Amino acid sequence: MKKILLWLCAFAALTAHAQQPADDIDVDQLRKLNMAQVAILSLYVDSVDQAKLTENAITGMLDKLDPHSSYTNAKETKRLTEPLEGNFEGIGVQFNMVDDTLIVLKVIPKGPCEKAGLHEGDRIIQVNGINIAGVKMERDSIMHHLRGPKGSLADLRVVRRGVNEPLRFKVTRDKIPVYTLDASYMIAPGIGYMHLESFGQTSGDECKEHLAKLQEQGMTDLILDLTDNGGGYLMAAQDVASLFLPFYSDIVSTKGRRQDVSHMRVRHAGPMASQGRIVVLVNEYSASAAEIVAGALQDNDRAAIIGRRSFGKGLVQRPIDLPDGSMMRLTVAHYYTPSGRCIQKPYEKGKKDEYDKDLLTRFNHGELCSIDSVHLDSTQVYHTLQLGRTVYGGGGIMPDIFVPLDTTRVTPYLAAIRRHNIINDLCLRYTDANRKQLHRRYANFEAFEADYTVPDELVANVIKQAADKKVTPKDDAERAATEPMLRFLLKSLIIYNLWDRSEYLQFINRENDIVKRALHYLQTNENVLTPPTH
């Protein structure tokens, strides 16, 4: 009975904020579950890992619910939540691994390693007396050694090109900022561009800061890129949407079985609440908080949405922290856009495998490549709040302007090369060997983009390594058709290794069809935000 009371106390804590009493709990079922666990632990023929048994029970229950209720152990929980928290504590480097050796790609400005004197291209071989090079250590284990509480000491041994003996650096760990806005620049005269990678605690402040910088550079119109943004915190979505909507505009509402309708509105009008044109970019990987922002700006007739139908995640998860640092994310409500649309795409409980294959199904049905293959639910018709434009529910945000996925530029040969990670590996090696020469020759990213040509030897090396892995083109025509895109990918990754993701996106956006369509929309004064004609 004592254990049953503990179960009930735990449930009471979880439902403390519910508006309706938990009057439908069957205590006999709680007793049954507890008895089953006690019986297994006491009587099963082999020894049992109690922690694993408990985890399996939790995941087993959640698997029979919706696709987004989930459980993560303590290690997974920390890894998943850290990028959204706004900072972590460590030494302040970005790195990659080549031949079981850590190579520093970036030294965080004003971070601990920059203060200590580490450089890009340095190889960290030892941390506090523990070898991390040449020992086939897992990446998570390496990060565990590099990170630590603020103020703690990391004694590093570093190999540097041109220096005969390993160098020693004593680095005092500190808080390292994590940014969710990874690109911001003037993409054309009067037009700013921002790419938001996810929605974390600092996303609203980051966007506000970069908007101000772009406006100082003459921005009047904005492209807000939410493609490949898988979402994040709901409050961050409110902060970002509030930058572009008038005071008290509806952003999103939620409703669950034990929760009345709750409306989230703009609390403080932002710097682009009513001035300037806005285009929001989405694709099939834009989900959750990204869909909330896109839906809010579309339903309020504040932005044109350009791209492809978004993912369709409209379920609200409440994080439930468990005593050992693990976490259960339990779906408690649905999201609804200001017009009343449910963002969530259809699913069957307990069939997560089918749900996870939805994007592949969309591709196979031709939806990503042709608007004629997009089947909108005619039973879920809604209208925008200001102009009365028709929008549809039934899952995801359907853009105002559809941009098909171009599958012609990536040949089967190039796709096979990319699957073997040959391009990334060779680019990292090439950049590591030529970093100083490239920085001396090209003063900045703009000079590099304009004048640099990928060497023929690097292309030949990719082709040779692919052949070594039995990856070959079907004929000379496919090989010739592959080379332009291969050179483009090589140059883009060299840019990423030499500078950062902002410069990388600035380069690949030259060939991004969704971005190009958004530019055309703004530069030609095209307008989809007009009342329907009858």
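In this briefing a residue counts as buried when its relative accessible area is under 20%, as exposed when that area is over 50%, and as partly exposed in between, with a 1.4 Å probe and protein chains only as cover. By that definition D500, with a relative accessible area of 31%, is partly exposed. The model described here is a predicted one, in which local features need pLDDT of at least 70 and side-chain atom pairs count only at pLDDT 80 or more, while totals for chains, interfaces and linings use all residues. Residues are numbered from 1 along each chain as its sequence is written, and side-chain values use heavy atoms, with hydrogens and water left out.

**The chain as a whole**

- The chain has 18 helices and 21 strands, where helices (H or I, at least four residues) and strands (E, at least two) are DSSP runs numbered from the N terminus.
- Its radius of gyration is 26 Å, close to the 24 Å that the globule rule gives for 534 residues, so the chain is as compact as a globular protein of that length; the radius is taken over C-alpha atoms, and the rule is 2.2 Å times the number of residues to the power 0.38.
- Taken along the principal axes, the C-alpha atoms of the chain fill a box of roughly 75 × 70 × 50 Å.
- Of the 534 residues of the chain, 45% count as buried.
- Among contacts (heavy atoms within 4.5 Å) between residues at least 6 apart in sequence, 70% join residues at least 24 apart.
- The chain exposes about 27,500 Å², of which carbon and sulfur atoms supply 52%; such areas come from the Shrake-Rupley method with a 1.4 Å probe, and for residues only the protein chains shown count as cover.
- The mean positions of the 65 positive and 68 negative charges are 3 Å apart, with Lys and Arg counted as positive, Asp and Glu as negative, and His and the chain ends not counted; the place of a charge is taken as NZ of Lys, CZ of Arg, CG of Asp or CD of Glu.

- Not counting residues up to four places away in sequence, N229 touches L196, E197, S198, F199, Y285, S286, A287 and A290.
- A polar atom of the N229 side chain lies 2.8 Å from the backbone oxygen of L196.
- In α8 the buried residues are A236, A237, Q238, V240 and A241, and what covers them includes β11 (191-196), α7 (203-216), β13 (250-256), β14 (259-265) and α9 (289-299).
- Helix α9 is mostly covered, with 11 of its 11 residues buried, among them A290, E291 and D299.
- After α9 comes D301, whose phi is positive, near 55°.

- D432 lies in helix α13 (residues 422-441) and counts as buried at 7% relative accessibility.
- The side chains of D432 and R161 are joined by a polar contact of 3.2 Å, a polar contact being a pair of N or O atoms within 3.5 Å; within protein, one must be able to donate a hydrogen and the other to accept it, and residues adjacent in sequence count only if both atoms are side-chain atoms.
- Beyond residues up to four places away in sequence, D432 touches I103, G121, R123 and R161.
- N96 is placed in strand β3 (residues 93-98) and is partly exposed, with a relative accessible area of 30%.
- With residues up to four places away in sequence not counted, N96 touches T101, L102, I103, L105, R139 and L428.
- N96 and N497 are 401 residues apart in sequence, and their C-alpha atoms are 10.0 Å apart in space.

**Loop residues**

- D500 lies in the loop between α16 (476-498) and α17 (501-508), and, leaving aside its neighbours within four places in sequence, D500 is in contact with Q94, K106 and I495.
- K110, in the loop between β4 (101-107) and α5 (112-116), has a positive phi of about 65° although it is not a glycine, and K110 is exposed, with a relative accessible area of 71%.
- N128, found in the loop between β5 (123-127) and β6 (130-131), has a phi near 50°, a positive value in a residue other than glycine, and N128 is partly exposed, with a relative accessible area of 39%.
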